[in-house]
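I opened my notebook and loaded a new model. Here is what I looked up, step by step.

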Amino acid sequence: MDRRTTCLVLFTLSLTSGVAGLPATTRAAEGPIGVAAVVRNAVSQLEPKVTRIAKGDEVVRNEVVRTAADSDARLVFRDDTNLALGPNSTLKLDRTVFDDPKAGDIAIKLTLGAFRFVTGNSNKEAYQINTPIVTMGVRGTTLDILVQKRRNTIVLRSGKVTICLIGPNRKCVDLDHEGDTANITANTKSASIDVQNRSSWTFDTACNGGLCGKSTY
């Protein structure tokens, strides 16, 4: 069964009441949640099984997506949220549930690489973005995010975002002006956040001047 057929089967099951005794909300969560609007070169699903992703393929909850070197992608969810991945980037669609096209519950884990995140039509409380060292709550926001081992750079392009360290030292900061940048560093014992009003890094610099996902946002 290829990727498109698998997604179609999941979506059909999500619309069928009483399948295997599962509640409707669980079945819906397993169905398609968006589409790969742009795919360039080698973009793959790693979980639940390894397959190549092509332009127009649907994406599903709990999917792990990775881009190879000189590769990129843009995912568009059912609420019009846009998420672009630069080269050598990996993310997991941890929790993405839509009850209707304008309401969602969206949690995404960015594991490694460069990303641009643009909120869609869901309520602002619906969004949660995680990396290995911080969690973010967004409010009508466009963010550029660089996730490296033990270091994150988060640049606010529009809107507002609250960034909190994960762990016992739960320090939080707000970015609310365009260009505000949080630099987060971590070691085995602690982490720290330094906020500046500008950054030399943006998603465009990781993507040959903004070619990743042929971004138009």
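How many helices and strands does the secondary structure of the protein come to? I noted two helices and 15 strands. I also wrote down that this is a predicted model.

**Entry: overall numbers**
I looked up burial next. Of the 217 residues in the protein, 46% are buried. The protein exposes about 10500 Å². Carbon and sulfur atoms supply 50% of that area. Then I turned to contacts between residues at least 6 apart in sequence. Of these, 47% join residues at least 24 apart.

**Entry: strand 1**
Which strands pair with strand 1 in the antiparallel sense? I found strand 4, residues 58-60, pairing with strand 1, residues 32-40, over three bridges. I also found strand 6, residues 72-77, which pairs with strand 1 over six bridges. Both pairings are antiparallel. I then followed Val35. Its bridge partner in strand 4 is Glu58. In strand 6, the bridge partner of Val35 is Val76.

**Entry: positive phi**
Asn41 has a positive phi of about 65 degrees. I located Asn41 in the loop between strand 1 and strand 2, residues 43-47. Asn88 also has a positive phi, near 55 degrees. Asn88 sits in the loop between strand 7, residues 82-85, and strand 8, residues 90-100.

Why do I class Asn41 as partly exposed? Its relative accessible area is 43%, and partly exposed runs between under 20% for buried and over 50% for exposed. Asn88 has 47% relative accessibility, so I count Asn88 as partly exposed too.

Notes. Residues are numbered from 1 along each chain as its sequence is written. This is a predicted model: local features need pLDDT of at least 70, side-chain atom pairs count only at pLDDT 80 or more; totals for chains, interfaces and linings use all residues. Side-chain values use heavy atoms; hydrogens and water are left out. Helices (H or I, at least four residues) and strands (E, at least two) are DSSP runs, numbered from the N terminus. Buried means under 20% relative accessible area, exposed over 50%, partly exposed in between (1.4 Å probe, protein chains only). Contact means heavy atoms within 4.5 Å. Accessible areas come from the Shrake-Rupley method with a 1.4 Å probe; for residues, only the protein chains shown count as cover. Two strands pair if DSSP finds at least two bridges between them.
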